[in-house]
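My notes are below, in the order I took them.

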Amino acid sequence: MANVYSFDGLLVFALLFICTCAYLKKVPRVKGWLLSEKRGVWGAFYKASVIGTRLHLAVALSCVTMAFYVLFLK
């Protein structure tokens, strides 16, 4: 089980947050509702979706690396 208070748990949470927001950017209803605000607390969803779409190769490699770490090394 991933602990959010450890460093690797924080990385897993950040990667899952970025991947989820990038996926939700492709859904039309959610895009207009959740990702319309670009500032404030709700702007974090927009910024994470932009990171996920622009750096999709780096995010994907990070997800695979973290999955290997969590499954086999931890």
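**Entry 1: ground rules.** I am working with a predicted model, in which local features need pLDDT of at least 70, side-chain atom pairs count only at pLDDT 80 or more, and totals for chains, interfaces and linings use all residues. Residues are numbered from 1 along each chain as its sequence is written, and side-chain values use heavy atoms, with hydrogens and water left out.

**Entry 2: overall fold.** I looked up the secondary structure and found 4 helices and 0 strands. Helices (H or I, at least four residues) and strands (E, at least two) are taken as DSSP runs, numbered from the N terminus. Along the sequence the pattern reads α-α-α-α. I noted the box filled by the C-alpha atoms, taken along the principal axes, as roughly 40 × 25 × 15 Å.

I then checked burial, where buried means under 20% relative accessible area, exposed over 50%, and partly exposed in between (1.4 Å probe, protein chains only). Of the 74 residues in the protein, 22% are buried. For contacts I used heavy atoms within 4.5 Å. Among contacts between residues at least 6 apart in sequence, 58% join residues at least 24 apart.

**Entry 3: helix 1.** Helix 1 has 18 residues and spans 26 Å from its first C-alpha to its last, close to the 26 Å expected at 1.5 Å a residue. The expected span is 1.5 Å times one less than the number of residues. I listed the buried residues of helix 1 as Asp8, Gly9, Val12, Leu15, Ile18, Cys21 and Ala22. These buried residues pack against helix 3 and helix 4. I kept one reminder beside this list: an α-helix has 3.6 residues a turn, so residues three or four places apart point the same way.

**Entry 4: helix 3.** Helix 3 covers residues 43-54, with 12 residues and a reach of 16 Å between its first and last C-alpha, close to the expected 16 Å. Its buried residues are Gly43, Ala48, Ser49, Val50 and Gly52. The partners against which the buried residues of helix 3 pack are helix 1 and helix 4.

**Entry 5: helix 1 against helix 3.** At what angle do helix 1 and helix 3 pack? I read about 90°, with the axes 7 Å apart. Axes here are lines fitted to C-alpha atoms, for helices over the stretch in contact, and angles run from 0 to 180 degrees between N-to-C directions. Helix 1 and helix 3 are therefore roughly perpendicular to each other. Angles of 65 to 115 degrees count as such, under 35 as roughly parallel, over 145 as roughly antiparallel and the rest as oblique.

From helix 1, the residues in this contact are Phe17, Ile18, Cys21 and Ala22, and they meet Ala44, Phe45, Ala48, Ser49, Ile51, Gly52 and Thr53 of helix 3. The contact residues divide into 8 nonpolar, 3 polar and no charged. In this count Ala, Val, Leu, Ile, Met, Phe, Trp, Tyr, Cys and Pro are nonpolar, Asp, Glu, Lys and Arg are charged, and the others, Gly among them, are polar.

**Entry 6: the core.** A nonpolar core is a set of buried Ala, Val, Leu, Ile, Met, Phe, Trp, Tyr and Cys residues joined through side-chain atoms within 4.5 Å. The largest one has 7 residues, namely Val12, Leu15, Ile18, Cys21, Ala48, Val59 and Met66. The largest share, 4 residues, comes from helix 1.

Apart from neighbours within four places in sequence, Val59 contacts Leu15, Ile18, Cys19, Ile51 and Gly52.

**Entry 7: single residues.** Val50 sits in helix 3 and counts as buried at 16% relative accessibility. Its C-alpha is 8.6 Å from that of Ile18, 32 residues away along the chain.

Lys31 lies in helix 2 (residues 28-34) and is partly exposed at 43%. Not counting residues up to four places away in sequence, Lys31 touches Leu24, Lys25 and Ser36. The C-alpha atoms of Lys31 and Leu73 are separated by 37 Å.

Ser62 belongs to helix 4 and is partly exposed, with a relative accessible area of 32%.

Is Lys74 buried or exposed? Lys74, in the segment after helix 4, is exposed at 52%. The C-alpha atoms of Lys74 and Asp8, 66 residues apart along the chain, are 9.7 Å apart.
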